[in-house]
Amino acid sequence: MARDAVTAYIALGANLGDTAASLRAAVAAIAALPGTGVEAVSSFYRSAPIDATGPFYLNAVLRAQTRLPAPLLLLHLQAIEQAAGRTRPAPNAPRTLDLDVLLYGEGRISSTALTVPHPRMQGRAFVLLPLAELAPERVSPEQLAAVAGQTIERIA
């Protein structure tokens, strides 16, 4: 029996190398995952690092329909990161690609490998602004007001 598709929102970010090319390649790689289709991608946003050092990031959020269980989706995303040259020398280190499962349907997941909704998304303009483009019902005006002081710019 085929598993019903679930709407997943995935954050994309990069601050090393050709960041725009990295995000576009990640969107294509996610679209090629088994049982997964990308429905929409937000605008790209340039944002200052939070709790980190290094160059500014390029960020976006995508909405996908997937039949992959959340833990398997995460494993595929980590493989895409690794193929893009992602290393993890230290927490919040600069990266060639960062992919995070923000939301997985209406599910709540809490495991050592994955927490959904993403535990830090509420405090990050680089997640909330692109998410609000795709799913305005998922982001409140109060959440946006709380991150209004963060340095972020929508890229045309």
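Biologist: Which residues of helix 1 are buried?

Modeller: Thr19, Ser22, Leu23, Ala26, Val27 and Ile30 are; buried means under 20% relative accessible area with a 1.4 Å probe, protein chains only (exposed is over 50%, partly exposed in between). This is a predicted model, where local features need pLDDT of at least 70 and side-chain atom pairs 80 or more, while totals for chains, interfaces and linings use all residues. Residues are numbered from 1 along each chain, and side-chain values use heavy atoms, without hydrogens and water.

Biologist: How do you know that the span of helix 1 agrees with what it should be?

Modeller: The expected span is 1.5 Å times one less than the number of residues. For the 13 residues of helix 1 (19-31) that gives 18 Å, and the end C-alpha atoms are 18 Å apart, so the two agree. Helices here are DSSP runs of H or I, at least four residues, and strands are E runs of at least two, numbered from the N terminus.

Biologist: Why does Thr96 count as buried?

Modeller: Its relative accessibility is 19%, so Thr96 counts as buried. Thr96 sits in the loop between helix 2 and strand 5.

Biologist: Which residues does Leu23 touch, leaving out those up to four places away in sequence?

Modeller: Among them are Leu12, Phe44, Leu58 and Leu97; contact means heavy atoms within 4.5 Å.
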